[in-house]
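Please keep the viewer open as you read.

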Amino acid sequence: MNRKICAVALAVLTVCSLSLDARRKASPRTRENAAFLEQLQERDSILIGDQMRYGFRIYDIPDSSAIALPDWSEGFTEGVEVITPWLLDTTAVHGKAGSRDIEGFVVLTSFDEGLYELPPVALVLLSPGAGPDTLVFDTQWLSVWDMPVDTATFTPHDIKPHINYPVTFSELAPWIGGGLALAVAIYFLIRWIIALRRRKIEGEKKEPAHIVALRKLDKYRGDKLWEPEKQKLFFSGVTDTLREYIASRYGFGAMEMTTAEIFDALSDKDLTPELYSELKSLFEESDFVKFAKHIASRDAAAGAVPLAVRFVTTTYQEDLENEKDDTMQQQEAATL
């Protein structure tokens, strides 16, 4: 019963407030300074979350006057929130009289049902040639309603699950087409890479090992590669080229062997002691540069490529001489 009485009281206050605002709108030239409370939404009731303008209207204020307003930035009552700070708007200008009509307001809202008494609007008017004048406007009432529920016909229902729509072919077609195109592109790219690598390997196999080694060593000529920050790349390139040549020339896996293992395998080959010693020193110098951050001297760097070239050409000449001897022996055996 008390709730019904409160509801009726709220309704009466709301209707009175709205009717008063309607009368003020109908006669815009009313010369009465007053406070106002206007709803921004076009409804016949004030619901939770609706926004209201709460402020004042004053008329015939001299143009050179100043207005001081209360600070409502932090709100002014529990249950009512201030959304925007004070906004001033000139509604009319009286040129001959040198005055204007001013409207000032804040925007507020409420998320709790109830009846709220808003604080009176007090402002200080500073006019030229006169002292400060304090104006206090009447208190306004804000009634906030919750969304009414028809308890006679209301039936609670469970929350409905998400609707699952079937996936159509038109939705999958772009993804299927794009996936097939990507798969075909990857397939042909892999084939091209394999063919290119195969041609490169076949081309290297067709060329003699000493030709391949000398061509690679020629890329490392020039004193610019001897600079300290480039020595690791320089010595690695020279010794790796020699490793590939040794593996092809003597038939053991020099690429996977350490320096000591390589020269143990070369110890029984037809190498002069001087060439063997110089080549071993080159590999050891390269290991220091690569693994111990050693900086080789300029003489050691300058002699690396000539020594590698001399090793390749010397061993290749031995092959030519051996082939020449074998050919002569075959010819002599044929004549006998």
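Are glutamate 38 and arginine 57 buried or exposed? Glutamate 38 is buried, and arginine 57 is buried too. Here, buried means under 20% relative accessible area, exposed means over 50%, and partly exposed lies in between (1.4 Å probe, protein chains only).

A word on the ground rules before going further. This is a predicted model, in which local features need pLDDT of at least 70 and side-chain atom pairs count only at pLDDT 80 or more, while totals for chains, interfaces and linings use all residues. Residues are numbered from 1 along each chain as its sequence is written, and side-chain values use heavy atoms, with hydrogens and water left out.

**Charged pairs**

Side chains of opposite charge can pair when their charged atoms come close. A salt bridge is counted when a side-chain nitrogen of Lys or Arg is within 4 Å of a carboxyl oxygen of Asp or Glu.

| Pair | Closest N to O |
|---|---|
| Arginine 57 and glutamate 103 | 2.8 Å |
| Aspartate 63 and arginine 100 | 3.1 Å |

Helices (H or I, at least four residues) and strands (E, at least two) are DSSP runs, numbered from the N terminus.

Glutamate 103, like arginine 57, is buried.

The salt bridge of aspartate 63 with arginine 100 links distant parts of the chain, with aspartate 63 in the loop between strand 2 and strand 3 (66-68) and arginine 100 in strand 5, 37 residues apart. Aspartate 63 is partly exposed, at a relative accessible area of 41%, and arginine 100 is partly exposed as well, at 26%. Through shared partners, salt bridges join Glu38, Arg53, Arg57 and Glu103 into one network.

How many residues of strand 1 are buried? The number is 6 of the 6, so strand 1 is largely enclosed by the rest of the structure. In a regular strand the side chains alternate between the two faces of the sheet. In strand 1, Ala34, Phe36 and Glu38 point one way, while Ala35, Leu37 and Gln39 point the other way, and all are buried.

Strand 1 and strand 2 run antiparallel and are joined by 6 bridges; two strands pair if DSSP finds at least two bridges between them. Arginine 57 turns up again here, as the bridge partner of alanine 34 in strand 2.

**Helices with a buried side**

Helix 6 (residues 273-291) has 19 residues and reaches 27 Å from its first C-alpha to its last, close to the 27 Å expected at 1.5 Å a residue. That expected span is 1.5 Å times one less than the number of residues. The buried residues of helix 6 are Leu275, Leu279, Leu282, Phe283, Ser286, Val289 and Lys290. Seen down the axis, they fall within an arc of 125 degrees, so they line one face of helix 6; the arc is that of the directions from the helix axis to the C-beta atoms. The face turned away carries the exposed residues Pro273, Glu274 and Phe291. Just after helix 6, lysine 293 takes a positive phi of about 55 degrees.

Threonine 241 is in helix 4 and is buried, with a relative accessible area of 6%. Leaving out residues up to four places away in sequence, threonine 241 touches Ala213, Lys216, Leu217 and Tyr220, where contact means heavy atoms within 4.5 Å.

**Nonpolar cores**

A nonpolar core is a set of buried Ala, Val, Leu, Ile, Met, Phe, Trp, Tyr and Cys residues joined through side-chain atoms within 4.5 Å. Of the 31 residues in the largest one, Ile246, Leu266 and Phe311 touch the most other members. Helix 3, helix 4 (231-250), helix 5 (259-266), helix 6 and helix 7 (298-335) each supply at least two residues, and the largest share, 8 residues, comes from helix 7. Another core lies apart from this one, with 25 residues, among them Phe56, Phe76, Val82 and Ile102.
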